[in-house]
Amino acid sequence: MNYIMSFLFCGFVCAVAQLIYEYTKLTPGHITCSFVVVGAFLDLFHFYDQLIKIFHAGAMLPITSFGHSLMHGAMHMTKEYGVFGLAMGMFDLTAAGISSAILFAFFVAVIFKSRS
Amino acid sequence: MDEKKYNQIAEELKPKKQVFKHTLYAFLIGGAIGAIGEFFLELYQNLFSISEKDAGPIMIITLVLIAAILTGLGIYDRLGNIAGAGSFIPITGFSNAMTSCALDGKTEGLVTGVAANIFKLGGAVITFGIVASFILGGLRYVVSFFI
């Protein structure tokens with residue numbers, strides 16, 4: 001059941017992005033950026049947490065989750081440090097994704113040859 | 001031939017947009033990536049008996065690693081030609097953008113090539129994410145004083 005839920009939600013987000021891509025002149029970069037902003041906006045009312053509870057990995061994988069976790073980490077720190085917590089806690093939850101992406105991108109670039 | 005007529009003919013000869021087919025492929029491949037993520041999520045929960053909250057980041061690291069290796073082998077870009085949004089919306093697309101930019105800069109050396117180019121496309125996502133969550137987070141912080 002979890003697999004089907006995950007499949008449906010992740011597929012749905014990708015299909016929406018593909019429709020935007022087909023009918024407008026936006027590049028993939030524009031679409032990913034706007035999806036990150038949408039993800040941050042959905043966390044404004046803790047709506048994205050509910051989505052993760054229902055769809056599990058399906059809601060964690062799309063790039064909208066990136067905006068959500070940036071916002072979530074920032075809001076968590078404001079409870080302790082006030083307004084400076086916004087900057088202090090920003091990367092708390094996304095650290096795994098960003099650091100691993102930089103790390104693996106670097107090692108792959110060192111090992112493999114460019115194909116384009 | 002006047003301009004109007006030319007435009008009309010050019011419009012007719014344009015390849016027809018296959019919106020439905022592309023959207024279907026994006027749905028199927030994006031969904032498949034979601035299902036693979038779910039597989040790793042449940043695997044780690046059962047293997048290390050940890051909570052779902054802790055298994056999430058490990059699952060993301062695994063998928064980022066897989067996407068980086070597939071990009072290095074040139075498979076992910078071929079997948080991207082078929083899947084479109086199905087390949088660039090999941091977190092694997094973020095990994096793909098960073099790895100392919102790093103690979104492109106390889107000829108210029110490690111520092112000015114690989115390290116400087118690594119954020120060429122992925123940096124936009126990080127910048128917008130931080131700006132948006134700073135503004136929205138600040139807004140919520142201010143509002144929380146009044147409620």
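I began with helix α1 of chain A and listed its buried residues: A:S6, A:F7, A:F9, A:C10, A:G11, A:V13, A:C14, A:A15, A:A17, A:Q18 and A:Y21. I call a residue buried if 20 or more other C-beta atoms lie within 10 Å of its own, exposed if 12 or fewer, and partly exposed in between, with C-beta atoms placed from the backbone. Helices (H or I, at least four residues) and strands (E, at least two) are DSSP runs, numbered from the N terminus.

Ground rules next. This is a predicted model, where local features need pLDDT of at least 70, side-chain atom pairs count only at pLDDT 80 or more, and totals for chains, interfaces and linings use all residues. Residues are numbered from 1 along each chain as its sequence is written, while chains are lettered from A and ligands numbered from 1 in the order in which they are written.

**Confidence.** I looked up the complex scores: ipTM is 0.91 and pTM is 0.88. Chain B has a mean pLDDT of 89, with 99% of its residues at 70 or more. pLDDT is the predictor's confidence in each residue, from 0 to 100.

**Helix α1(A).** I checked its extent. It covers residues 2-23, 22 residues in total, and reaches 32 Å from first C-alpha to last, close to the expected 32 Å. The expected span is 1.5 Å times one less than the number of residues. Then I asked what covers its buried residues. From chain A, the cover includes α2 (28-42), α3 (47-55), α4 (57-60) and α5 (64-81).

**Interface.** I found 58 residues of chain A in contact with 58 of chain B. Contact means C-beta atoms, placed from the backbone, within 7 Å. On the chain A side, the elements giving two or more residues are α1, α2, α4, α5 and α7 (95-111). α1(A) gives the most, 16 residues. By class, this side has 42 nonpolar, 14 polar and two charged residues. Ala, Val, Leu, Ile, Met, Phe, Trp, Tyr, Cys and Pro count as nonpolar, Asp, Glu, Lys and Arg as charged, and the others, Gly among them, as polar.

**Core.** The largest nonpolar core has 67 residues, and A:C14, A:V36 and A:A105 touch the most other members. α2(B) supplies the largest share, nine residues. Such a core is a set of buried Ala, Val, Leu, Ile, Met, Phe, Trp, Tyr and Cys residues joined through C-beta atoms within 7 Å. I followed A:V36 further. Leaving aside neighbours within four places in sequence, A:V36 is in contact with A:I63, A:T64, A:F66, A:G67, B:V125, B:F128, B:G129 and B:A132.

**Chain B.** I counted eight helices and zero strands. Its radius of gyration is 21 Å, well over the 15 Å that the globule rule gives for 147 residues, so chain B is more spread out than a compact globule. The radius is taken over C-alpha atoms, and the rule is 2.2 Å times the number of residues to the power 0.38. The C-alpha box is roughly 70 × 50 × 40 Å along the principal axes. Of its 147 residues, 43% count as buried.

**Loops.** A:T27 sits in the loop between α1 and α2 of chain A, and A:H46 in the loop between α2 and α3. They are 19 residues apart in sequence and 29 Å apart in space, C-alpha to C-alpha. A:H46 is exposed, because 11 other C-beta atoms lie within 10 Å. Its phi is near 55°, positive in a residue other than glycine. B:S49, in the loop between α2 and α3 (52-73) of chain B, has phi near 45°.

How values were computed: Two residues are in contact if their C-beta atoms, placed from the backbone, lie within 7 Å.
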